[in-house]
Amino acid sequence: MPAGHGLRSRTRDLFSRPFRKKGYIPLTTYLRTYKIGDYVDIKVNGAVHKGMPHKFYHGRTGRVWNVTKRAIGVEVNKQVGNRIIRKRIHVRIEHVQPSRCNEDFRLRKIKNDQLKAEAKARGEKISTKRQPEGPKLGFMVEGATIETVTPIPYDVVNDLKGGY
Amino acid sequence: MVFVKAQKSKAYFKRYQVKFKRRREGKTDYRARIRLINQDKNKYNTPKYRLVVRFSNKDIVAQIVSATIAGDVVLAAAHAHELPRYGLEVGLTNYAAAYCTGLLLARRVLKMLEMDSEYEGNVEATGEDYSVEPAGERRPFRALLDVGLIRTTTGNRVFGALKGALDGGLDIPHSDKRFAGFSKDSKQLDVDVHRKYIYGGHVAAYMSTLMEDEPEKYQSHFSEYIKRGIEADNIEAMYKKVHAAIRADPTLKKPEKQPPKEHKRYNLKKLTYEERKARLIERLNALNSAAGDEDEDDE
């Protein structure tokens with residue numbers, strides 16, 4: 001019999017729950033709220049059978065474009081042939097986690113707004129651009145004693161200590 | 001049978017998955033909790049309130065709780081041990097007391113949200129099924145009943161508390177199937193029986209039968225009632241007064257907290273890090289000086 005290509009084919013290990021994490025899923029997944037425009041990671045929870053995305057989307061990150069009663073619409077990029085399509089899927093909340101991919105950006109935004117407001121209060125101009133790490137500065141080597149090492153002439157007697 | 005090695009091997013422990021802590025303690029039913037807490041995602045951060053009713057051996061706790069990731073937040077709570085303030089001193093865990101606690105909680109919440117004049121609820125407790133009607137600008141306060149782990153049989157005190165909250169003016173989805181007085185045969189709520197339970201009629205009936213048949217048992221069982229001069233006839237009037245008092249002033253009064261008593265210490269107090277270092281230096285000094293003395297003695 002040929003191997004099938006059904007919806008959940010080849011997902012024996014992918015959709016299985018991790019070791020010692022079976023059973024009821026912790027309630028924070030149900031308490032989280034998602035707004036349109038948030039980034040989310042899709043990670044399938046095999047314990048919940050409804051609203052499962054296709055195995056392709058497991059591990060993908062996308063943006064929320066729709067929020068319904070128990071599910072979220074996520075926009076994910078998929079490469080089809082020679083182009084990348086923005087695919088819109090609906091996934092139940094149990095299979096979605098908030099993504100930290102833009103956490104750094106969000107924190108930087110808040111901090112920059114704060115710095116700019118302070119600078120405005122003081123009346124000076126600042127640049128909040130990130131600078132790449134430059135080459136290390138030059139420095140003087142301090143406190144180094146110089147030890148001159150010279151080779152010693154080969155002494156047969158000393159070197160045959162072990163096996164003589 | 002004696003020599004059977006029924007051990008739990010190391011492999012057993014390595015593979016054992018513990019249940020959630022509150023499930024191990026037997027306090028939370030997660031299946032029910034998930035369904036009670038789950039809020040529609042397109043309602044975002046709107047809290048979903050649950051009316052939590054729990055019974056202990058001597059007390060009833062009724063709370064309005066909403067869930068957050070940091071932990072559940074209690075909006076308002078009412079305990080049966082507050083009822084002496086309204087004139088009910090005995091029988092604090094019976095059906096009638098549960099009704100009073102539910103009523104107290106409902107009026108307290110509505111007063112806290114300043115909706116108490118709009119939603120009076122059912123002032124005269126008749127025992128028939130009453131649901132709040134939306135009136136005025138604000139819709140009624142909605143909560144869901146959370147029974148916990150009790151068996152939901154007809155006539156359970158939990159539903160007494162539910163009835164109290166409903167008559168107090170909260171909007172709680174329910175059916176009259178489990179109120180005391182619902183008969184399975186006729187599939188109808190017998191309003192008079194339910195009213196009897198709300199006003200402690202079942203307790204009064206038992207009191208009168210015991211007084212006639214077994215006076216000594218009556219003395220021992222209802223000793224607190226007798227001490228306060230409560231007879232089978234004035235039970236209903238007492239509960240009516242309690243309901244009125246609750247509606248008059250449902251605000252929470254915090255009891256005065258005394259500073260904790262000083263107890264005699266039976267074990268040594270643990271020293272702080274600084275104290276331990278100081279002690280070490282003392283001991284070293286003492287050792288050095290003692291060694292110095294010995295050296296001098298030896299020499």
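Student: What are the helix and strand percentages over residues 235-288 of chain B, and how far apart are the end C-alpha atoms?

Tutor: This is a predicted model, and in it residues 235-288 of chain B are 56% helix and 0% strand, with 82 Å between the end C-alpha atoms. An unreviewed UniProt entry annotates this range as "domain: Large ribosomal subunit protein uL18 C-terminal eukaryotes".

Student: What span is expected of helix α10 of chain B, and which of its residues are buried?

Tutor: Helix α10(B), residues 235-248, has 14 residues, and at 1.5 Å a residue 20 Å is expected; the distance from its first C-alpha to its last is 20 Å, close to that value. B:Ile235, B:Met238, B:Tyr239, B:Val242, B:His243, B:Ile246 and B:Arg247 are buried in this helix, and the buried residues pack against α4, α5, α6, α7 and α9 of chain B.

Student: How do you know that the length of helix α2 of chain A agrees with its number of residues?

Tutor: Helix α2(A) runs over residues 103-122, and its 20 residues should span 28 Å at 1.5 Å a residue; because the end C-alpha atoms are 29 Å apart, the two values agree. After α2(A) comes A:Gly123, with a positive phi near 85 degrees.

Student: Why is B:Gln39 called buried?

Tutor: Buried means under 20% relative accessible area, and B:Gln39 has 10%, so the term applies. B:Gln39 sits in the loop between α3 and β1 of chain B, and, leaving aside neighbours within four places in sequence, its contacts are A:Lys69, A:Arg70, B:Tyr44, B:Thr46, B:Pro47 and B:Lys48.

Student: Why is B:Val18 called partly exposed?

Tutor: Exposed requires over 50% and buried under 20%; B:Val18 has a relative accessible area of 47% and is therefore partly exposed. B:Val18 belongs to the loop between α1 and α2 of chain B, and together with B:Tyr12, B:Phe13 and B:Tyr16 it makes a nonpolar surface patch of about 400 Å².

Student: What makes the phi of A:Arg20 and of B:Glu114 worth a remark?

Tutor: Most residues other than glycine have a negative phi. A:Arg20, in the segment before α1 of chain A, has a positive phi of about 60 degrees, and B:Glu114, in the loop between α4 and β4 of chain B, has a positive phi near 60 degrees.

Key: Residues are numbered from 1 along each chain as its sequence is written. Chains are lettered from A and ligands numbered from 1 in the order in which they are written. This is a predicted model: local features need pLDDT of at least 70, side-chain atom pairs count only at pLDDT 80 or more; totals for chains, interfaces and linings use all residues. Side-chain values use heavy atoms; hydrogens and water are left out. UniProt positions are given in the numbering used here, feature names are shortened, and annotations may be inferred rather than shown by experiment. Helices (H or I, at least four residues) and strands (E, at least two) are DSSP runs, numbered from the N terminus. The expected span of a helix is 1.5 Å times one less than its number of residues. Buried means under 20% relative accessible area, exposed over 50%, partly exposed in between (1.4 Å probe, protein chains only). Contact means heavy atoms within 4.5 Å. Patches are made of residues with over 30% relative accessible area and no salt bridge: like charges are joined within 9 Å, nonpolar side chains (Val, Leu, Ile, Met, Phe, Trp, Tyr) within 5 Å. Accessible areas come from the Shrake-Rupley method with a 1.4 Å probe; for residues, only the protein chains shown count as cover. A salt bridge is a side-chain nitrogen of Lys or Arg within 4 Å of a carboxyl oxygen of Asp or Glu.
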